[in-house]
Structure formats: C-alpha cells, structure tokens
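Please open the model in a viewer and keep the selection panel at hand.

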2 protein chains.
Amino acid sequence: MFESTARHLDPLPSGHPCQGCEARGQAICGILDCENLAVFKRLGSTMRLCAGQTLFREGDPATRVFTLTRGSLKLSKLLPDGRRHVVGFMYAGDFLGISVDDEHAFTAELIEDAQLCCFPRSRFDAFLADHPLMEHELYRMAAHELSAAQQQLVLLGRKTATERLASFLLLLAERADRLAGEKTSVIDFAMSRADIADYLGLTKETVSRIFSAFRAGRLIRLRALNKVEIVNRPALQQVADCQG
Amino acid sequence: MFESTARHLDPLPSGHPCQGCEARGQAICGILDCENLAVFKRLGSTMRLCAGQTLFREGDPATRVFTLTRGSLKLSKLLPDGRRHVVGFMYAGDFLGISVDDEHAFTAELIEDAQLCCFPRSRFDAFLADHPLMEHELYRMAAHELSAAQQQLVLLGRKTATERLASFLLLLAERADRLAGEKTSVIDFAMSRADIADYLGLTKETVSRIFSAFRAGRLIRLRALNKVEIVNRPALQQVADCQG
DNA sequence: ATCCAGCAATGAGCCAGATCATTTTAGCTT
DNA sequence: AAGCTAAAATGATCTGGCTCATTGCTGGAT
C-alpha cells in the first residue's frame, strides 16, 4: 500500500557534520555515502529561520539552493494587481532549487520555524557535475514535481471547490502516512486558510465554508484550527476523485 | 530580446540516420555529437501518426519514450465523470517521457500529422546512465517544464478568462517568434476551441466569446479559424499580465 | 455549384463561488 | 480569568463564466 521511503542510508560515524539530521532519509543528499555527504555538506552552511520570514523573493537572483531540514514553507507568485497564488508547500527533506533560471520564479516564505542547508549555486552545480548519481536523483525529483504539478493543473482547471479541498486534505494525509509509515487520520498543518485558498484557487471564505460542510457531513473533525482528524477517508477520497 | 535557440550542432555526414531531421536543434539529442547521435538513434525507431490518433492513454504502461520530430500533440487527463483537462501541448523537438512512473500519467493524442522517434524506455535509461551530459539536458528540460507548469498554475488559479486567453495567444506567439528568430504576428495552431478551453480551464463557448471580444477590440484578427494575426501585441500583453 | 457534417459563434438564463459585511472563536498576554 | 487581537466562520448579495439552445460557417465530398 505504501511506497517505501526507506532507502539504504549509509550509517554516519560520530562527528559527521550531518549527524542527527532527520531529513536525510527524504532529501537528495540521502543517496550519498557518508564520505561524499560530508564533502557535500561542507560546500554550504546551515541556517535557521522563523515562521513568517522570507527566504527569498520572486525576481531575486537565484544564487543559492536549499534543502529544508526542518519546518515548512510556502512558495507563491504575485500578480501585479495583488492577486496571489501559492504554487506549493515544502516540508523537511524537500529540495529548493530545481531551476535553470538565474532569478527566483517565486517567493519563499516560512510557515513554521525552520532549518535549512544552504549551498552556493555554483558549488552545488560543480558538485552535481562530479556526481551523476546526484544529478539523476535531482532529475527524479524534478520529474516527480512535474507530475504533481500536472495533477494540480487538473485540480485548478476542472475540479469544484469541494473536490479541491478534499484533494488537498488527502494530499496532507498521504504525506502524514508516509512519515508515519502507516495509515494515519490526524493531520497537522501550519498554513492558514488564506494560504490554502491561494493554493487551491479559491477564497478563504470558501475554504472555511467547505471545512464546515465537511464537518457537518462527518467527513472530518477539527481537533484544533490547524489539526484535522479525517473521520471518513473513503468518502473524502470519493469526493476528491469526483465520484461523489 | 530573443533567447538564442541556436546552439552548436555537430554537422552530420551524409548517410547519417538523423540526416534531414529538422527537430535536432530543439531536441535533447541535439547535444550529442554525430557519432553518439547515430548510436542513440539506432536504439529506437521512427514512426508516423495522423491527426486524431492516440499515441498512448493515461494508465498505459510507459514502456517507451518519444521525441516529436514533426507535428503536434496534446496531453490530457480525464476525470471519472468525463471532465477533461489538457495539461499541455507538444511540438517538434519536444521530448515525451519525463517521468519516473511506470504508467503514463496522461493521454497523448495527435492534433496534426506527426513523426516521432521512439525508444524503449530501458534502452533509453541505459543510454542516459552512460551519457551524463544527456541526463543533464533532460534535467534542464524537466526544470523548464516545471517552471512553465507553475506559471500555468497561476493562470488557472488566479487569472480571469480574458487574461487566460491573452496569455495563451502570447505563449503561441513567443513560440512562433522563437522558430522564426524574430517578432512575428501571425500564429497558426492546430488545436480546436475545445482543446484550448480544456487547457485554460474554460468552456469552448467562453473561448469563442473572448476571441470575438479580442476581434472587436482590434487586438487580433482571424485570418482563418486556426490562424490568428496579433494586431496589438502590447495591449494583449497588458491583458495577459493583468495590467489592463 | 450544392449539400452536408462538424466546428464555431452567439444568445438567454442560471449558479457556484466571489465579494463585502458581520459575528464568533482561538490563542495570546497580562 | 479577563481582555485583546487576528484568524476563522458565517451571512447576504452579486457576478463571471457555465449551461443549454440555436444559428452561422467552412471546408470537404458529390
């Protein structure tokens, strides 16, 4: 039922710069053996940021790439008249820097306190050139994101508001499943209703109303504002898949 | 003003299997020298298909990858209740097979008579493993497509019908520019109003109405049903960029 | 030239989701 | 525990784009 995310991780000797990193299993650097990993890690530095801070803005020169090792952030694009669209969320283990452009195509803002590994782009690219395995992994990741983006195109192009929110909740649930290694029913998230709306092409009012409708229909329960228990997952799945 | 698409192309000796291919300048195989190109080309075969034919369907095992060398096709996804979304169009030089999945995520249907180079996936992957330069090129392409998809997310999530169609026409115009090597004003396309609608998250009626509105506003002229002359490009650009 | 079939254009009415306004709640701080 | 603030929920109304129906084209076959 679940894709195995467990892959072979070279055990790290004590004193290794990546010791204690919980994101390695998910991140691109996870494919490196401990020696190469140490070399890689030393190309860059670690940084911590707080919820609400901006990592970079749309249009900024893209001089660095990042691996998020803790926390989460949102990627958004702004239209000249103020309309905003969230193109994605990132979580621990995600890589930020799949691009051939020298300007950032979106703004990255923290939605939780976070920790990142940060690499000068030039050094990162040079490392890639010497490590085809890593470039391959990056390609896999890009292909995966492209496929996810295409599903999101269908969601935005053809699904109703209700279907969109159901799809979104299930996406979060699947992520939680993957992390837990088993079916879960409680999902915790850091983004606001407005962020969700901007991700789903809706307004925050509509998102609120549909949360309420799902609650009324006993599909979910709100444990807290940002903590949803999925009560009837099959039904939610039916809605998301446009079969309800 | 224009990105140079001209890149160094190793000249081909007569008798080379890729002699006469007009797509090489755009395609991933364009980075190969003539010797490697010949090896590569012999991994696969050439096929011709007619407008309307289906290359593969969503869910089919993805056993082959393709380079489109002539013509154009559309990629679409179908919801269980019949709603359809076109996730993209492909033209000569485009590569079809950026994926790590073993099933096709969408249906590919020809919208013009076309010619393709077609490679068994296993052989293609093996070739990639031996040619990091080609894998790098594929990564670049994936990154580029991802960025295009993200722009499309904004279009579908936040733009009005009018802005969507303006953006679409300009996308076609930019493509025509790139091919011609200069600013052009007449664009030819093979897709129907319904295909455009399914690409932009609209109905064909709305697409028709907006074509008419653009005509009435002297932004475009219809040379034929599928041949548009862009009369006032700056104005169209303003609409597309949400400044009008 | 004329017929025909399928696409495109247009028209009338409707509705899902937006907008604008208000109330409620959760999570703080003191 | 009371008070405060920002977020969320709810309500009332409006509207852009959809739906359904009709008419108009156009390009290929006879």
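At what angle do H5(B) and H6(B) pack, and how far apart are their axes? The angle is about 105°, and the axes of H5(B) and H6(B) lie 8 Å apart. Axes here are lines fitted to C-alpha atoms, for helices over the stretch in contact, and angles run from 0 to 180 degrees between N-to-C directions. Helices (H or I, at least four residues) and strands (E, at least two) are DSSP runs, numbered from the N terminus.

This is a predicted model, in which local features need pLDDT of at least 70 and side-chain atom pairs count only at pLDDT 80 or more, while totals for chains, interfaces and linings use all residues. Residues are numbered from 1 along each chain as its sequence is written, and chains are lettered from A and ligands numbered from 1 in the order in which they are written.

**First selection: H5(B) and H6(B)**

H5(B) and H6(B) are roughly perpendicular to each other (angles of 65 to 115 degrees count as such; under 35 is roughly parallel, over 145 roughly antiparallel, and the rest oblique). On the H5(B) side, select B:Arg193, B:Ala194, B:Ile196 and B:Ala197; they meet B:Lys204, B:Thr206, B:Val207 and B:Ser208 in H6(B). Two residues are in contact if their C-beta atoms, placed from the backbone, lie within 7 Å. This contact comprises four nonpolar, two polar and two charged residues. Ala, Val, Leu, Ile, Met, Phe, Trp, Tyr, Cys and Pro count as nonpolar, Asp, Glu, Lys and Arg as charged, and the others, Gly among them, as polar.

B:Ala161, B:Thr162 and B:Leu165 of H4(B) make the contact with B:Thr206, B:Val207 and B:Ile210 of H6(B). Four of these residues are nonpolar, two are polar and none is charged.

Now display the 18 residues around DNA strand C; A:Thr160, A:Thr206, B:Arg193, B:Ser208 and B:Ser212 come nearest. A residue is near a strand if its C-beta atom, placed from the backbone, lies within 6 Å of it. H6(B) gives the most to this surface, with five residues. By type, the surface near DNA strand C has seven nonpolar, seven polar and four charged residues.

H6(A) supplies the largest share of the surface near DNA strand D, five residues.

**Fifth selection: the two chains**

Next, select the contact between the chains, where 37 residues of chain B touch 37 residues of chain A. H3(B) gives the most to the chain B side, with 20 residues.

The contact of H3(A) with H3(B) consists of 18 nonpolar, eight polar and four charged residues.
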